[in-house]
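Please keep the sequence and the structure in view while reading.

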Amino acid sequence: MSLIKKLVLVLTLVFTVFLALACGEEATLKFEKTSFEVTVGDEFELKPIVTGSESLVEYSFDKEGIVKVENGKGTALAEGSVVITANLKDAKDIKATINVTVKEKVVEHTHAYDQEVVDAKYLASEATCTAKAKYYKSCACGEKGEETFEAGELAAHAYDQEVI
């Protein structure tokens with residue numbers, strides 16, 4: 001084999017090895033899950049899986065105000081659904097999405113029937129000429145209790161009605 005052929009063969013081999021090492025692994029970005037659910041006020045962590053890159057991950061949202069994410073740590077702000085898109089800062093075309101559903105926080109409530117609200121929905125009995133109207137006490141949530149209170153004025157006498 002001639003010296004030139006050997007030199008071309010060696011250079012081709014070196015160039016091929018160089019390309020294989022230089023190219024390395026193609027950058028990818030993904031999430032383990034495609035969606036998850038949280039409750040308003042919950043904190044969560046996004047854990048995107050990045051391969052073939054040391055780039056930082058940036059986040060964007062299809063709707064604002066539902067979640068907040070900083071450095072992969074999130075907080076659920078309001079009820080709703082949002083699609084979070086993660087992309088590599090140095091390669092914006094490499095993306096992954098995750099759907100987040102934020103549910104309203106259910107607060108346990110103990111009724112306290114201490115509200116004296118004069119409203120037809122709490123009316124226990126109408127006023128007469130001898131007694132004021134009676135209303136059921138209510139809870140701040142609107143639930144009607146059993147205890148009553150009097151409010152308003154006495155009704156006018158009705159002389160044309162017979163009392164039995």
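In what order do the strands of the open sheet of 3 strands lie, and is their pairing parallel or antiparallel? In this predicted model, the order is β10-β11-β12, and the pairing is antiparallel. The edges of the sheet are formed by β10, which spans residues 123–125, and by β12, which spans residues 144–151, each of them pairing on one side only. Direction ignored, neighbouring strands of this sheet are turned by 40° against each other on average.

**Pairing of β10 with β11**
- Strand β11 covers residues 133–138 and is joined to β10 by 2 bridges, with the two strands running antiparallel.
- Within this part of the sheet, Ser125 is the residue that stands opposite Lys134 of β11.

**Secondary structure along the chain**
- The protein chain contains 1 helix and 12 strands.

**Burial, surface and contacts**
- Of the 164 residues in the protein chain, 21% are buried.
- The accessible surface of the protein chain amounts to about 12,400 Å², and carbon and sulfur atoms account for 53% of this surface.
- Among the contacts in the protein chain that have a separation of 6 or more, 49% are made between residues 24 or more positions apart.

Notes
Residues are numbered from 1 along each chain as its sequence is written. This is a predicted model: local features need pLDDT of at least 70, side-chain atom pairs count only at pLDDT 80 or more; totals for chains, interfaces and linings use all residues. Side-chain values use heavy atoms; hydrogens and water are left out. Helices (H or I, at least four residues) and strands (E, at least two) are DSSP runs, numbered from the N terminus. Buried means under 20% relative accessible area, exposed over 50%, partly exposed in between (1.4 Å probe, protein chains only). Contact means heavy atoms within 4.5 Å. Accessible areas come from the Shrake-Rupley method with a 1.4 Å probe; for residues, only the protein chains shown count as cover. Two strands pair if DSSP finds at least two bridges between them. Axes are lines fitted to C-alpha atoms, for helices over the stretch in contact, and angles run from 0 to 180 degrees between N-to-C directions.
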